[in-house]
Amino acid sequence: MSTEKPPLASGLARTRSEQLYETLAAAIKSPFGSMDANGVPATAPASIGGGRETLSRKSSRRLMMSASPGRSGGAGTHIRKSRSAQLKLELEEVSSGAALSRASSASLGLSFSFTGFAMPPEEISDSNPFSDDEMIPEDNEAGNKKPRFQAEPTLPIFLKFKEVTYKVSIRKLMTSAPVDKEILSGINGSVSPGEVLALMGPSGSGKTTLLSLLGGRISQSASGGSVTYNDKPYSKYLKSKIGFVTQDDVLFPHLTVKETLTYAARLRLPKTLTREQKEQRAIEVIQELGLERCQDTMIGGAFVRGVSGGERKRVSIGNEIIINPSLLLLDEPTSGLDSTTALRTIQMLHDIAEAGKTVITTIHQPSSRLFHRFDKLILLGRGNLLYFGKSSEALVYFSSIGCSPLITMNPAEFLLDLANGNINDISVPSELEDRVQVGNSGREPQTGKPSPAAVHEYLVEAYETRVAEQEKKKLSDPVPLDEEAKAKVLRLKRQWGASWWEQYCILFSRGLKERRHEYFSWLRVTQVLSTAVILGLLWWQSDIRTPRGLQDQAGLLFFIAVFWGFFPVFTAIFAFPQERAMLNKERAADMYRLSAYFLARTTSDLPLDFILPSLFLLVVYFMTGLRLSPYPFFLSMLTVFLCIIASQGLGLAIGAILMDLKKATTLASVTVMTFMLAGGFFVKKVPVFISWIRYLSFNYHTYKLLLKVQYKDFAQSINGMRIDNGLTEVVALVAMIFGYRLLAYLSLRQMKITT
């Protein structure tokens, strides 16, 4: 491509496009050429001191400039050039003593675009042709606005980890002794504020385990080595300073984006902020993440349409950055996203890091553009450390040990092939070849190349002998903070974002909004009302003046007791198992007290639980001809409500104890069937040694109470049951209400928080 300036026609006025064209040629002639915002060339190489170059933290500098002919206007209109020129220069970072870092991609690109698009000269002067934003592909989901994260004051965290190990005990057979399996072995590394550290490696290499260890999500008893935050050990105070984004987006499907972030802000932001300030912070995060367009859209799930995958991932990140964390950890934030959305997500992490945060992310197989945006890299293979250092120097290091790609390939793909022991299209180091020949083993019989195990062993030894000691010495250097700043991480006082009552109210409101769609689904309403109509038709205006009519109506009352004992149990057993992932996530972040969550979860169902039974009784009561008097009607409704709350408590207890839907459903079926058979309708005379079961049955107490309410002034006894004031049955049901719930709460207290 020629860069010679074309001759200009005589008499034509000198245009802004011509000035820009001359600066292009000047930029090409100088290797360090750059231009300021006014189009003036500047050749200021990076200053070098102490063996290190003072460069920007960006992985590359990108320069873009557009020149285009203007539009005619006014009497003295000048003739503009009809073509626009665009130059894109990419200058790579030069590390001390190292060659160009990005060996697998072009380090300098030069392209001109002839589009015929015209831009007025006044707009050219107002534009910023050298912005990095132009190089980021447009994300159609996020809009054209680049997120700009506020550089709010926060505690800087310098994270270091030395010789980190982690083992788990595996029992292959029930009778065999447990065997320790090593997940991580001798991992070293560090990351500072303003940096993005990527953890790479094949599946099963220990990336998520290492991330969980660094975030304090795994018990230190099963791990070895040291993990320090500003040269101090982990403390509970850091929970409010660490944001952890899990690989799976754990969100409530029926809440909107705005509601999700608003509830997170009200629960997690400090008490010193008012509710209005917390809600404003949620709106700011929505704007920073580019979620304005979908803020009133439901999150969605497997059976609910909602936001896209990229938007859902940004909501998960927003849940964590809303607290202005000092340390942000993300587990594969780009999984399942297209390349454009993934690039936007990684660029967003850079913006967060630039605000003074420390960012660590696991990533499975990034594109080449994503790979070059990381500041530091840890490469894991089978739980061992294969590389730690600047991502820009990774290819240089592996080339120095004899491993170079034989064909042009994505740097991340090349590194993952090495971590897997796959050296197809990769040069075999002579040292490894000699070792395999001498040992006469460790060679693939089909290809004759070294086996994956031999490659892995060679890479581990190469890192240990060439780089490991030097990196360990760097970890011994003290962090550039005073002792007062270091001591802040040792505060043991747990900081709640809201009082107990505020937590309860917020969780109550959230639960009500989340489950209103489930309770008023047309399927559930149809189920309840159709059952009520069928009962009304079968027992239409039943007459209790005859013994047969009295017996028939007693059967109706027993069915009501069984139906509203069975229905709530199989609704409640799903409560805690389905919300286990959310409960784990929020408890690990200290969002609320467990007692506030439990009470809000159990009471937020009550208003919804009372609507359908009320409609049911209104239909059944008057169609079947039960006592038409306000006193028996409201007492019958109160009795059914007591039965619902008691049976719901049993379902909550079974679900909380087992935390497994299949097991819980099986146990609930057997229990409810036993309570129904012992309810006093099918069997009048129960053997003494098993008669105690009926006193644990809420069906038995509900049935007796309904009989006493309906026939208090009509008969002395019915079906062998004495008609009295019913106080015993009320006390029994109230005891079940609190007893079952206490059992459920204690079971949740014993549940371990897992990641």
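Here is a quick tour of the structure, from the whole chain down to a few single residues.

This is a predicted model, in which local features need pLDDT of at least 70 and side-chain atom pairs count only at pLDDT 80 or more, while totals for chains, interfaces and linings use all residues. Residues are numbered from 1 along each chain as its sequence is written, and side-chain values use heavy atoms, with hydrogens and water left out.

**Overall build**

- The protein has 24 helices and 17 strands; these are DSSP runs numbered from the N terminus, with helices (H or I) of at least four residues and strands (E) of at least two.
- Of its 755 residues, 50% count as buried, where buried means under 20% relative accessible area, exposed means over 50%, and partly exposed is in between (1.4 Å probe, protein chains only).
- Taking contacts with a separation of 6 or more, 73% are between residues 24 or more positions apart; a contact means heavy atoms within 4.5 Å.
- The accessible surface comes to about 35900 Å², and 57% of that belongs to carbon and sulfur atoms (Shrake-Rupley method, 1.4 Å probe; for residues, only the protein chains shown count as cover).

**Spans listed by UniProt**

- An unreviewed UniProt entry lists "transmembrane region" for residues 554-577, 598-622, 634-658, 665-683 and 730-748; positions follow the numbering used here, feature names are shortened, and annotations may be inferred rather than shown by experiment.
- In the model, residues 554-577 are 92% helix and 0% strand, with end C-alpha atoms 37 Å apart.
- Residues 665-683 come out at 68% helix and 0% strand, and their end C-alpha atoms lie 26 Å apart.

- Phe520, Leu529, Ile611, Leu615, Leu618, Phe622 and Leu628 make a nonpolar surface patch of about 620 Å².
- Patch residues have over 30% relative accessible area and no salt bridge, with like charges joined within 9 Å and nonpolar side chains (Val, Leu, Ile, Met, Phe, Trp, Tyr) within 5 Å; a salt bridge is a side-chain nitrogen of Lys or Arg within 4 Å of a carboxyl oxygen of Asp or Glu.
- Helix H20 (residues 606-623) supplies the largest share, 4 residues.
- Leucine 618 lies in H20 and is partly exposed, at 41% relative accessible area.

- Threonine 341 sits in helix H7 (residues 339-354) and counts as buried, at 3% relative accessibility.
- Its side chain makes a polar contact with the side chain of aspartate 338 (2.8 Å).
- Helix H3 (residues 207-214) is mostly covered, with 7 of its 8 residues buried.
- Just after H3, glycine 216 takes a positive phi of about 70°.

Conventions
Polar contact = N/O pair within 3.5 Å; in protein donor to acceptor, adjacent residues only side chain to side chain.
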